[in-house]
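Colleague: I would like to learn how to read a model like this one. Can we go through it feature by feature?

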Amino acid sequence: MSRLLAAALTVTAAAVLAVGAALGIVALLDATPDQPNTPLITYEHAAQGR
């Protein structure tokens with residue numbers, strides 16, 4: 001019975017750790033600012049004839 005209890009506690013601890021890591025990653029991703037959407041190349045005039 002003690003092996004079953006140890007296995008259940010291990011599974012529970014692993015699940016709690018996985019959920020905590022997922023929530024931490026989401027929190028880090030929300031904390032980073034969005035990058036500005038500026039184009040790398042700009043054209044002065046629209047292309048003619050294409």
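Colleague: Where does Tyr-43 lie relative to α1?

Modeller: Keep in mind that this is a predicted model. Tyr-43 is in the segment that follows α1.

Colleague: What span should helix α1 have, and how far apart are its end C-alpha atoms?

Modeller: A helix is expected to span 1.5 Å times one less than its number of residues. Helix α1 has 30 residues, so it should span 44 Å; its end C-alpha atoms are 43 Å apart, which agrees.

Colleague: Is Ala-18 buried, exposed or partly exposed?

Modeller: Buried means under 20% relative accessible area and exposed means over 50%, with partly exposed in between. Ala-18, which is found in helix α1, has a relative accessible area of 47%, so it is partly exposed.

Colleague: How many residues of α1 are buried?

Modeller: The number is zero, so α1 lies largely in the open. For the protein chain, 0% of the 50 residues count as buried.

Colleague: Which residues form a nonpolar patch on the surface?

Modeller: Leu-40, Ile-41 and Tyr-43 form it, and together they have about 470 Å² of accessible area. Tyr-43 counts as exposed because its relative accessibility is 68%.

Colleague: What radius of gyration does the protein chain have, and what would a compact globule of 50 residues have?

Modeller: The protein chain has 25 Å, but such a globule would be near 10 Å. Along the principal axes, the C-alpha atoms fill a box of roughly 80 × 25 × 10 Å.

How values were computed:
Residues numbered from 1 in each chain as written. Predicted model: local features only at pLDDT ≥ 70, side-chain atom pairs only at ≥ 80, totals over all residues. Heavy atoms only, no water. Helix = DSSP H or I, 4+ residues; strand = E, 2+ residues; numbered from the N terminus. Buried < 20%, exposed > 50% of the residue type's maximum accessible area, 1.4 Å probe, protein only. Patch = residues over 30% accessible without salt bridge, like charges linked within 9 Å, V, L, I, M, F, W, Y side chains within 5 Å. Areas by Shrake-Rupley, 256 points an atom, 1.4 Å probe, with all protein chains shown as cover. Salt bridge = Lys/Arg side-chain N within 4 Å of Asp/Glu carboxyl O. Rg over C-alpha atoms; globule rule 2.2 N^0.38 Å.
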